[in-house]
Amino acid sequence: MNESLAVTVEGFVAESLATHGRDPRHLLQHLIRVQQRFSCVPDAAVEALSAALDVTRTQVRAAIAFYAFLHDRPRGAFEIRFSDNITDRMLGSRRLIRLLIERLGLTGLPAWGCDLVRVDGRVSVGLASCTGMCDQGPALLVNGQAVTNLDAQRMDRIADLVQEGIPLERWPGEFFRVENNIRRRGLLLGNPATDGAALRRLVDEGADAALAEVERSGLRGRGGAGFTTALKWRFCREAPGTDRYVVCNADEGEPGTFKDRVLLTDYADLVIEGMTVCAGVLGARRGFLYLRGEYLYLLPHLESVLQRRRAEGLLGTRILGADGLDFDIEIHLGAGAYICGEESALIESLEGKRGVTRKRPPFPVTSGFDDQPTVVNNVETFLAAARVVQWGGYWLRGEGTDQSAGSKILSVSGDCARPGIYEYPFGTPVHQVLSDCGAENTQAVQISGAAGATLSPADFDRIIAFEDLPTAGSFMIFDHRRDLLDMVRNFAAFFAHESCGFCTPCRVGGALLRNLVEKVAAGQGSEYDLSEMRHIGAVMRQASYCGLGHTAPNHVLNTLDKFPQIYRRRLAREAHTPSFDLDAALSEARALTGRDDVGAHVRDGSEVSS
């Protein structure tokens, strides 16, 4: 690095430290700002942050290596990342990537973690697992900003803008337009307005009454696991500790999920009100909204909502004039690590570290952020909690089933006429959703993202509910035109890439599964390989350290059971087939020796003759 650039980097880091503080737990946020400014984290920034935050250079470099959106070497001045979710591929993203690469004078294709960088440093092209725009894909990120509804004409225009060096601020505004696409409204989406009613009830009737309403409602976490919200809040409230924290998990990195994007756009006030009510119940004074890095474009909007609520007395000190009701929220950006959707990994990331899951117990409700009692709920849960406290627990009980009160918001994408956001009462059958969104001739539905369940038509009468089909909200549809093995390959590659690497069953098992899936897809597999997939998947489910490894083989195991034909029609033979082709590997030796007779080939276990 030349001396003048080092001075510039050090100056920028100093400015970031002066503005955002020297708390070592803010390391990730400083790194993100440096990355945005210089398209990488230069050595000078590593040195400056290490010294200022009193963390080792190794810690700083470990964080850079962990998060997909951070780099220690420059990417392009225009850093382009295509969304590589299976639904983007179904909409033609791979063809568009090739078009753009050709227009930009690059060669090859990017792979996850391996970007193409043009030698002049003008542009780089890479992949992101999913950008949360599945209802308006194909999509990409350019310098972190989402561009939707890609087609060949838009690719041509983007190539021209890059070649001409036009700053992002002067790109056509319609490129960055993100639609909400709300197709069906229910209990939660029916009315986005809020005037602080839940907070006034909290102040008027007290924290015990608010918690009682949440208990009465039967509200369960909307992230998929379905833990009882009131119980989580009560455990945290009663845990010993000097401080308490409220964390909103807005890191919806599950492929196919995009409902948080809509809730944080039009319902941000309700989400923040739910967090504030939770803080009032717990006695917390500080909260965090952990925002998915792909939703960088939402940051100014969310900051403005927070600022307005502070001005209105709904956030900050003495909320609504109540003594002791002091609470404020900071927004922390993620940096492209899927594992940070897991609550303990998210807390590690909030503390500026690599997002590796913690051993449990203790659970975050007793030992979370800064080892203090912490509630982590997702966006939809906080929204529902605000309405429950405002309108009472029986309001939520008015819909749903005995075990699943209220409604569920779904992100619907894939082969349907009307992708978007749908809200249904719990107890709604899958076939109802398919009918409403205009899905026809449906072969399979992937519910709750890549880590969820693969449904066949035999499952379409099942209901969306914790007692039958729990879901975090993703609903991806595949009709009979699709080869489901493409979905399996995409998900297997995703999990192999997203494993944090901490435990062997997940790190090695995910890679082995991916390799076996690719082997079968290439027509080299056997029944033995299918058996190995089942064995490895079972080991991952049983022995992995956290939920990522436990759920990563679901799509493989589900499709082996429900769609065995997608594997068997590609099998080369019944017996074991090695993935390494020894005969092909000897081709160079045959060429060098001038031999190509039968004895110079390896076939069916025979030896090469001397």
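The following questions and answers go through a predicted model, from its overall dimensions to single residues.

Visitor: What is the radius of gyration of the protein?
Guide: The C-alpha atoms fill a box of roughly 90 × 65 × 50 Å along the principal axes. The radius of gyration is taken over C-alpha atoms, and the globule rule is 2.2 Å times the number of residues to the power 0.38. For 610 residues a compact globule would have a value near 25 Å, which agrees with that of the protein, 26 Å.

Visitor: What percentage of the residues in the protein is buried?
Guide: Buried means under 20% relative accessible area, exposed over 50%, and partly exposed in between, with a 1.4 Å probe and protein chains only. Among contacts with a separation of 6 or more, 71% join residues 24 or more positions apart. Of the 610 residues, the buried share is 57%.

Visitor: How many helices and strands are there in the protein?
Guide: Both are DSSP runs numbered from the N terminus: helices are H or I with at least four residues, strands are E with at least two. The counts are 25 helices and 15 strands.

Visitor: What is the order of the open sheet of five strands?
Guide: Two strands pair if DSSP finds at least two bridges between them. Here β1 (residues 78-83) and β4 (residues 140-142) are antiparallel over three bridges, with Ile-80 opposite Val-142. Helix α7 (residues 152-163) lies across β1, β3, β4 and β5 and runs at about 160 degrees to β1; axes are lines fitted to C-alpha atoms, for helices over the stretch in contact, and angles run from 0 to 180 degrees between N-to-C directions. The pairing of the sheet is mixed, and the order is β2-β3-β1-β4-β5.

Visitor: Which are the edge strands of the open sheet of four strands with parallel pairing?
Guide: The order of this sheet is β9-β8-β7-β10. Inside this order, β7 (residues 245-250) and β8 (residues 286-291) run parallel, joined by six bridges, and Val-246 has Gly-287 as its bridge partner. Helix α15 (residues 379-391) packs on the sheet, touching β7 and β10, at about 95 degrees to β10. The strands that pair on one side only are β9 (328-333) and β10 (374-378).

Visitor: Which residue in the turn of the β13 and β14 hairpin has a positive phi?
Guide: Strand β13 (residues 442-447) has six of its six residues buried. Five residues lie between β13 and β14, and the one with a phi of about 70 degrees is Ser-448.

Visitor: Is Thr-471 buried or exposed?
Guide: Thr-471 is in the loop between β14 and β15. Beyond four places in sequence, the contacts of Thr-471 include Arg-222, Lys-408 and Ser-448. The side chain of Thr-471 also reaches the backbone nitrogen of Gly-473 at 2.8 Å. With a relative accessible area of 4%, Thr-471 is buried.

Visitor: With which side chain does the side chain of Arg-481 make a polar contact at 2.8 Å?
Guide: Arg-481 lies in the loop between β15 and α18 (484-498) and counts as exposed because its relative accessibility is 63%. A polar contact is a pair of N or O atoms within 3.5 Å; within protein, one must be able to donate a hydrogen and the other to accept it, and residues adjacent in sequence count only if both atoms are side-chain atoms. The side chain of Arg-481 has such a contact with Asp-415 at 3.1 Å. The partner at 2.8 Å is the side chain of Asp-479.

Technical notes: Residues are numbered from 1 along each chain as its sequence is written. This is a predicted model: local features need pLDDT of at least 70, side-chain atom pairs count only at pLDDT 80 or more; totals for chains, interfaces and linings use all residues. Side-chain values use heavy atoms; hydrogens and water are left out. Contact means heavy atoms within 4.5 Å.
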